[in-house]
Amino acid sequence: MHEFSVMQSVVDAVLDAARSKAASKVLLVKLRVGELTFLNPEQLKFAFEVLTQGTIAEGAELIIERVKPKVKCIKCSYEGEIVYEGEEIHIPLAPLIIRCPKCGSYEVSLLAGRECTLSSIRVEVPRLKER
């Protein structure tokens, strides 16, 4: 399950960031996940719940924002959402066929849709005692 290994990296980053701020609890984690990663949001949420058990991130809310694929066409300069052909591919090296929706060219640069980004974390930090 690809989602589990991806989420392990996310949880590690969240816990490292929380520790660096001396947080007592992670309250919220936001991810931006491109549709062309073919990561399943429900499986990501399940992996998050499992991997955060017994940590300061246990019970934290996970928000996943899906990012639509976008390209810039080399031929006609179109920039925007795309049409991609094929089914969900679970082989990381399998080619993804993407074409420009305006001119049909396959000469496109991918601008968005393959990212998996930790966009924000909300933590609880204990107040320091005043002297």
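## Ground rules and setting

Here, a residue counts as buried under 20% relative accessible area and as exposed over 50%, with partly exposed in between. One thing to keep in mind throughout: this is a predicted model.

## K68 and E35

Let's start with K68, whose relative accessible area is 42%, so K68 falls in the partly exposed band, between 20% and 50%. K68 makes a salt bridge with E35, and the closest N and O atoms sit 3.3 Å apart. K68 is in the loop between β2 and β3 (70-73), while E35 is in the loop between β1 and α2 (41-52), so this pair ties together parts that are 33 residues apart in sequence.

One step back in the numbering is V67, which belongs to strand β2 (residues 61-67). Is V67 buried or exposed? With a relative accessible area of 7%, V67 is buried. Setting aside neighbours within four places in sequence, V67 is in contact with R32, V33, G34 and E35, and also with A112, G113 and E115. As for C116, its C-alpha is 9.2 Å from that of V67, although the two residues are 49 apart in sequence.

How many salt bridges does the structure hold? There are six. One of the contacts of V67, R32, pairs with another, E115: their side chains meet in a salt bridge at 3.9 Å, N to O. R32 lies in strand β1 (residues 25-34) and E115 in the loop between β7 (108-112) and β8 (116-124), so the bridge ties together parts that are 83 residues apart in sequence. R32 is partly exposed, at 29% relative accessible area.

Then there's E79 with K72, where the closest N and O atoms are 3.8 Å apart. E79 counts as exposed at 53% relative accessibility, while K72 is partly exposed at 35%. Salt bridges with shared partners also join R32, E65 and E115 into one network. As background, side chains of opposite charge can pair when their charged atoms come close.

## The β4-β3-β7 sheet

Three strands make up an open sheet, ordered β4-β3-β7, with antiparallel pairing. β4 (79-81) and β7 are the edge strands, each pairing on one side only. From one strand to the next, the twist averages 30°. Strands of a sheet pair through backbone hydrogen bonds, either parallel or antiparallel.

Now the individual pairings. β3 and β4 pair in the antiparallel sense over three bridges, and K72 stands opposite E79 in β4. On the β7 side, β3 pairs in the antiparallel sense over four bridges. Here C73 has V108 as its bridge partner, and K72 has S109.

Which residues of β3 make up its covered face, and which its uncovered one? V71 and C73 are on the covered face, with K70 and K72 on the uncovered one. In a regular strand the side chains alternate between the two faces of the sheet.

The largest nonpolar core has 21 residues, and M7, V26, L31, F48 and L62 touch the most other members. α1 (2-20), β1, α2 and β2 each supply at least two residues of this core. Which element gives the largest share? That is α1, with seven residues. A second, separate core has five residues, including F38, V71, I82 and I98. V71 from this second core is also on the covered face of β3.

Leaving aside neighbours within four places in sequence, V26 is in contact with V14, A18, I56, A57 and A60, and with I121, R122 and V123.

How values were computed
Residues numbered from 1 in each chain as written. Predicted model: local features only at pLDDT ≥ 70, side-chain atom pairs only at ≥ 80, totals over all residues. Heavy atoms only, no water. Buried < 20%, exposed > 50% of the residue type's maximum accessible area, 1.4 Å probe, protein only. Contact = heavy atoms within 4.5 Å. Salt bridge = Lys/Arg side-chain N within 4 Å of Asp/Glu carboxyl O. Pairing = 2+ DSSP bridges. Axes fitted to C-alpha atoms, helices over the stretch in contact; angles between N-to-C directions. Core = buried A, V, L, I, M, F, W, Y, C linked by side-chain atoms within 4.5 Å.
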